[in-house]
Amino acid sequence: MQAPLDEKFARAAELIAQADGLIVGAGAGMGVDSGLPDFRGRNGFWRAYPALGKRKIRFEDIACPESFERRAWTVWGFYGHRLRLYRNTVPHAGYTILKEIGATKKHGVFVCTSNVDGQFQKAGFDPNRIHEIHGSLHKLQCLKPCTSETWSADSFAPEIDPQRGMLTSALPTCPRCGGVARPNALLFDDHDWIDAEYELQAARFERWRAGVERPVVIEIGAGTAIVTVRRFCERQGMPLIRINPRNSKMMQATNLGIPCDALDGL
C-alpha cells in the first residue's frame with residue numbers, strides 16, 4: 001500500500017531539510033502549469049498543432065533535420081510558433097518555490113532540464129547553474145552546418161499562418177553561408193547538433209556536484225517516452241523526489257514518488 005500524500009510531503013520536506021544542495025531535473029511537465037503543451041502522445045501533439053494533425057505529420061516527422069530540407073516553411077511554422085510561445089510565457093510560481101528552496105542551501109541549486117524553452121532563465125535562475133540537456137530554441141545554428149558557431153535567435157521574429165501551420169515571414173539564415181538556419185536544439189536522428197555550449201554546462205554541473213556532500217534531487221514532469229531526465233536523476237544516487245501526475249512510481253523505497261502536477265507538488 002502506498003503512503004498517503006500528506007506523509008509523502010512530510011518525508012519530502014525531511015529530505016530537503018537535510019540537504020546542502022538542490023538538484024532540479026525538469027522535463028516537459030514542468031511547463032504545463034505555465035500553459036505550455038507537453039505533446040503527450042500523438043493526439044496531444046495534434047491537438048496543440050491541428051494544422052499538422054490534418055496532414056498526419058507526427059512530432060518525430062517535424063522535429064528532425066531532414067524535415068528542414070524538405071519542408072522548411074512548415075518546420076519553421078512549428079518552431080517559430082514555439083519560439084513565440086516561449087517568449088510570451090510567464091513561468092508559474094513553482095519556479096519561484098524552487099529558487100527559494102535553493103536559496104536555503106549552502107551550495108544552492110543546479111537545474112538540469114530537457115526543456116528547450118528557456119523558462120528557468122526567464123524565472124531568474126543563474127544561467128551558470130543550468131544544464132540544457134537538449135539545447136535551446138533561443139539559439140540558432142546552420143543547418144549544414146558550415147560552422148561550429150551558434151547565435152542568438154533574438155532578432156528572429158517569426159510570423160505564422162496558424163491555419164496552414166506555416167511560416168509566412170522570411171526563413172532564418174546562417175550569417176556565414178546564407179543557408180537555412182535551424183534551432184540549436186537536439187532533434188530526432190540528429191548528427192549535426194552543435195552541442196559545445198551544453199557540454200560546458202554539463203562540465204559546470206560536474207564541478208558543482210563534486211563539492212556537494214548531501215544533495216537532494218527533485219525531478220519534475222519528466223516523462224517515460226524520452227527518459228533523459230529520469231535517468232539523469234536516478235544516476236545521482238541520492239535521495240530522489242519524483243513529482244509526476246502519471247509516472248511517479250519509484251523502484252527504491254528510499255525515494256519518493258508524488259503523483260501531482262508540478263505546481264501542486266511544489
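Partly exposed, as used in these legends, refers to a relative accessible area between the buried limit, under 20%, and the exposed limit, over 50%. The views are taken from a predicted model.

**View 1. Salt bridge between Glu-213 and Arg-214.** Glu-213 and Arg-214 form a salt bridge in which the closest N and O atoms are 3.9 Å apart. Arg-214 has a relative accessibility of 39% and therefore counts as partly exposed. Glu-213, at 62% relative accessibility, counts as exposed. The structure holds 12 salt bridges.

View 2. The side chains of Arg-11 and Glu-14 meet in a salt bridge, with an N to O distance of 3.2 Å. Both residues lie in helix H1 (residues 5–18). Arg-11 and Glu-14 are 3 residues apart, which is about one turn of the helix. Arg-11 is partly exposed, with a relative accessible area of 39%. Glu-14 is also partly exposed, its relative accessible area being 49%. Side chains of opposite charge can pair when their charged atoms come close.

**View 3. Salt bridge between Arg-230 and Glu-219.** The side chains of Arg-230 and Glu-219 meet in a salt bridge at 3.9 Å, N to O. Arg-230 belongs to helix H10 (residues 228–235) and Glu-219 to strand S9 (residues 215–220), so the pair ties together parts that are 11 residues apart in sequence. Both Arg-230 and Glu-219 are buried. Through salt bridges that share partners, Glu-219, Arg-230, Arg-231, Glu-234 and Arg-242 are joined into one network.

**View 4. Open sheet of strands S5, S4 and S8.** The sheet has 3 strands in the order S5-S4-S8, with antiparallel pairing. Strand S5 (150–152) and strand S8 (181–185) are the edge strands, and each of them pairs on one side only. From one strand to the next, the twist averages 50°. Strand S4 (residues 135–142) pairs with S8 in the antiparallel sense over 5 bridges. Gly-135 stands opposite Ala-185 in S8.

**View 5. Helices H6 and H9 against the sheet.** Helix H6 (residues 72–88) lies across S4 and S8 and runs at about 135° to S4. Helix H9 (residues 196–210) packs on the sheet, where H9 touches S4, S5 and S8. The direction of H9 makes about 140° with that of S4.

**View 6. Largest nonpolar core.** This core has 32 residues, of which Phe-45, Ile-62, Trp-76, Phe-78 and Tyr-79 touch the most other members. Helix H2 (41–48), H6, S4 and S8 each supply at least two residues of the core. The largest share, 7 residues, comes from H6. In soluble globular proteins, nonpolar side chains tend to be buried together.

View 7. Neighbours within four places in sequence are left aside for Tyr-79. With these excluded, Tyr-79 is in contact with Ile-62, Ala-63, Phe-68, Leu-137, Pro-183 and Leu-187.

Terms used:
Residues numbered from 1 in each chain as written. Predicted model: local features only at pLDDT ≥ 70, side-chain atom pairs only at ≥ 80, totals over all residues. Heavy atoms only, no water. Salt bridge = Lys/Arg side-chain N within 4 Å of Asp/Glu carboxyl O. Helix = DSSP H or I, 4+ residues; strand = E, 2+ residues; numbered from the N terminus. Buried < 20%, exposed > 50% of the residue type's maximum accessible area, 1.4 Å probe, protein only. Pairing = 2+ DSSP bridges. Axes fitted to C-alpha atoms, helices over the stretch in contact; angles between N-to-C directions. Contact = heavy atoms within 4.5 Å. Core = buried A, V, L, I, M, F, W, Y, C linked by side-chain atoms within 4.5 Å.
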